[in-house]
Amino acid sequence: MKRHIRSYFQFLVAVTLLFSSCAYHPDVPDSSKETNCLPAIFPDYCNVTVPCNIAPLNFMLPAGEYSECVARITTPDGKLLTYGAGVKVQIPEDEWREILIAAKGKSIKVEVWGKTTGAEHGNEKSEWLSFSPFEIHVAEEPIDEYLSYRLIEPSYVAWNFMEIAQRNITSFEETQIFNNKMTSIDREKGQCINCHSYQNYKTDNMLFHVRISNAGTVIVNDGKVSKVNLKRDYTISSGVYPAWHPTAKLIAFSTDKTRQGFHTLNPNKIEVYDMESDLILYDVATDSVMVVCNDSTLLEVYPTWSPDGKYLYYCKSVPLPEELRDKDIRSYYQKIQYNIYRRTFDLATRGFGEEELVYDAASHDMSATLPRISPDGHYLLFAQGHYGCFHIWHREADIVCMPLDDETPSDIDLTKLNSDGFPDSYPSWSSNGHWIMCASRRDDNNYSRVYFSYFHNGKAEKAFLLPQEDPEHHTFLLKSYNRPEFMVEPVHISVDEFSRVFQ
Amino acid sequence: MEKMNKTSKLSDIILYVSLVAFFSFVVYALYINQEVFYTAHDRSEFFYGATFLHSLMSKPFGLMQYVGAWLTLLFCKPAFGSVVMMLVWILIGWVGTKAFRLKGTAVALMLLPIACLLTSVVDLGYWIYIYPPKGYWFSQSVAYLLMLLLLWVARATPRRWHLAWYLLALCAYPVLGWFALLFVISLALTEKPSWRELLALFLLCFTASTWRTLLYSNLKSDEVLFAGFPRFITPLDSCDRLSLPFWVLGVVTVLIPLCSKYLTKWFVPVLCAAVGVIFTLSLMFRDQNYLKEMRMVRYAYDDNWKEVLNMAAENPRPTTTMVFLKNIALMNEGGLLDCSFKSGNISFPVYNPDTIHVGFLEISSPLAYYNYGMTNEAVRLNFENAIQKGFSPLYLKMLARCALAKEDDKLVERYTTILRHCPFYADWQPAPVSEKVKELQASYPDELTGVENSDSYLVNSISLWYKTDSKLASEQALFYAMISCDSHRFWPSLRNYLMKHIDEDFPVHAQEAYILFIDKFPEEKRMMIPVEETVYNRYKQFCETLARLVKPGKTIGTVAGEMGGEWGDTYWYYYYFGRQYSNIAERKDNEVQS
């Protein structure tokens, strides 16, 4: 009897191990009705170009319209693999890695079949539909392995739990860098954490801000954590939007008096604007703050360095008519527009040169924000909307890219990256300059998600959504991805270690 | 022998009668709290799938909270949810007798833990709107049941195995939270102390800190230490009273194995049942307005405006929420300017023995904003509530309706998809946007506002709609100009209202306000409109009575009380004795600061 029980348990363990290690490979339907359209999969991975180290591109058909989905992947070496369970296609990471290796620099073909639920399609019976096949091109260039972002409910006033998280883009692993509950000592006011930033995509020199309760800027300097107060008598505020110098222990910050207003009717819902803003330079080694720009009539914001560290780029508002100066900013916020400027920087003297206009957005009746220079120094990437500095709430906002070398530069076509009628903002380059990342509210105009686009020889390919293990994760997560930043390595310091600098 | 048999039979009868009496009381307590349970489901966050599960599992007791949150959704049909809850408690009673090896009348000791669990779901009061921990309604009962099952199985094994059970329980701390510790103590106390028990109790002291180091280093120590133990703390308030049932539950659980041998007298069941009932009754939150308000909110969310009006008619002491919902119902059913003041616009504070501030914002302001076509504000308030309290069905339903009103189809799809994974919501669809909401939504210009969320902001905003082209909005603007007792807004509102309502009767309350403002502010620019003689004569009588009753030494409250019976149905009475939103023009300037 005991032997039987033991064999039974052994059998159970074996079956469990078997099921956990192997994916379900369903058969493709014997017969199906052909449709001449691409499948309406979510996320839309049809004909995208992806990095050779990306996590599995799991997707699904709409659950209300379909009850089952089967996908067949054909690799360039002729291998056929089928996936699908319910309406979801979830590819095991090890099998996906093999597919990517086989398809590096080439394309994989994806055929999708969907079994309709019947009622949704006006038929009594459900039936299998076969869709036009699509390709996924696998680029030779990898993407930076890590990505960090703040997860937060779409803005408004109140917040509760907030975290800065890091995600391994080559897998689905997500871990916490810091959260706002660990060190908050003021229950009434709470704590806000924001603006994580890294030097040269590495994490041994990084920072993030902690506001309100136990406030300060947490700086990691060669792996050592400290908390500093960047507010000085002569600055508007403590540091806000940061940019690490690529080689020196210097950080450019804007200092801002930022406010938030709420539209009563406008679909943009929220308006974030600066009442005042200047630029400062913080020396990590000496804990000293130097003013870079502080024109009280203009707003300077969003500093960023050129990859060689010889230029500081930033946005500056265009002077407003005299009659508006004393009015409530809420009556003329739509007239505030920003151009992109730069100043040379001499590392030896810490001196800045004369200001130089790089992009005159206002002359096109637009406002340019969040500049980022490509790692090769040839391209300028930024977000552009009709007005203001916070384009993630502006439906018309798009990402713009222009070459820096041309004497008469014209925009690079980014229609494949941008969405139509939804906010696209916070652009950035991967460390090899081949992947553009942005935050976009294109899925529903409310929750921002991270999108990537392949950039090669001045051309951007169709953007694709950050893959998730469960493709429905993006539906169920009622938080926005805020300030996505590439990293070539994870943050090694634990939440607990970070929290110790608050004690 | 015969005498012993007789005594035993009598004890059995007393036991059964006590059990029946106690469970009858449980049924009664659950029955009168049906509205509370519906509200509990409506305001309890649950998401199907890994995202929500992972977020809960990142804390100890998370799995129990997930199970509890799912079961709470059964309260969508309150009777069904109550039956399930009762079954869990009956199981607790039965398993408890096995786990503690209770015999005879000592079986009734299990009524005490059940009374604690019952108390914990009927004592919340207005905390239900603020901060019940996730899965609160079922998680404690389910975890306690699991703990008792574990205890039953553990006690069925030889004593030398107990060390393994202690270790297993300490390993189960992430799942069972504080119940794992309770298990260890309970098991240790059922046996004569030996090195095993001492070791277990020693290890117990380090369980929380060990788990924090191993798994929960990104949590505060107290979050791990009090794993699953309900504590009622918000950024502004805290309440120890609501944790009392759980402290008692813990103490009773520890005491049962120690005392059960001595509690075998015939009166023990009567005593246990009585103590259980008294304990629950002494902590149960009882207030008729609390329940009526919940029912009214439920009807309003279902757009059942007739029932809202029926409930308003029955209530002499409405809360702010009730007044707003009644006026929205009158907007939808008609007769706002003829009936509103007759049914009372003076609101009374909620009965709330705790320090927590619960008001219109927490209870129903997103619904009010939505119905007044102020959809952006409704979305914002829904969000702000949901961020603090969780994206429960209530907020998801309202967000879906707002998204539909804003024609954000993708957002409607997102919220509907989430809801459809919840029990009883498989076919849920947001109600179509009413023509009234559409009309109001299109009747005012866009503005950039600050952090507005009060009932006074609502009154103030709508009273500023006096330039609107919408017939419906002009009625609302006039009504809220009257509510704010602001003659500067009243006159343009009245002018606009009359232009939009040509050839219609001049509503009674508007006539009352017109007569009063002409009388009170004769210098203001006004218009001459015929009014009914009876209304005019009644105003004269009102003024005479007022002049007669107002005497030095009398308070406003006294005069209001004396005049309420005859004049309580008029706008004049509200103007003199009930105004709550006057001088808001000045306040507004402060409020709109970002």
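This is a predicted model: local features need pLDDT of at least 70, side-chain atom pairs count only at pLDDT 80 or more; totals for chains, interfaces and linings use all residues.
**Exercise 1.** Determine how helix H6 and helix H14 of chain B are oriented towards each other, and describe the contact of H6(B) with H14(B).

*Solution.* Begin with the geometry: H6 of chain B covers residues 111-122 and H14 of chain B covers residues 268-283, and the two pack at an angle of about 15°, with their axes 9 Å apart. Angles under 35 degrees count as roughly parallel, and H6(B) and H14(B) are therefore roughly parallel to each other. As for the sense of the crossing, that of H6(B) and H14(B) is right-handed.

Next, look at the residues that meet: H6(B) contributes several, including Leu111(B), Ile114(B), Leu118(B) and Val122(B), while those from H14(B) include Cys272(B), Val275(B), Phe279(B) and Leu283(B).

**Exercise 2.** Describe the make-up of chain A, and decide how its radius of gyration stands against the globule rule.

*Solution.* First take the secondary structure, in which chain A has four helices and 33 strands. Then turn to the radius of gyration, which is 25 Å for chain A and thus close to the 23 Å that the globule rule gives for 503 residues, so chain A is as compact as a globular protein of that length. Finally, along the principal axes, the C-alpha atoms of chain A fill a box of roughly 80 × 60 × 45 Å.

**Exercise 3.** State which domains chain B is divided into, and how far apart their C-alpha centres lie.

*Solution.* Chain B is divided into domain 1, spanning 2-286, and domain 2, spanning 443-594. The C-alpha centres of these two domains of chain B lie 54 Å apart.

Definitions and conventions:
Residues are numbered from 1 along each chain as its sequence is written. Chains are lettered from A and ligands numbered from 1 in the order in which they are written. Axes are lines fitted to C-alpha atoms, for helices over the stretch in contact, and angles run from 0 to 180 degrees between N-to-C directions. Angles under 35 degrees count as roughly parallel, over 145 as roughly antiparallel, 65 to 115 as roughly perpendicular and the rest as oblique. A crossing is left-handed if the near helix is turned anticlockwise from the far one by less than a right angle, and right-handed if clockwise. Two residues are in contact if their C-beta atoms, placed from the backbone, lie within 7 Å. Domain bounds come from an automatic or database domain assignment. The radius of gyration is taken over C-alpha atoms; the globule rule is 2.2 Å times the number of residues to the power 0.38.
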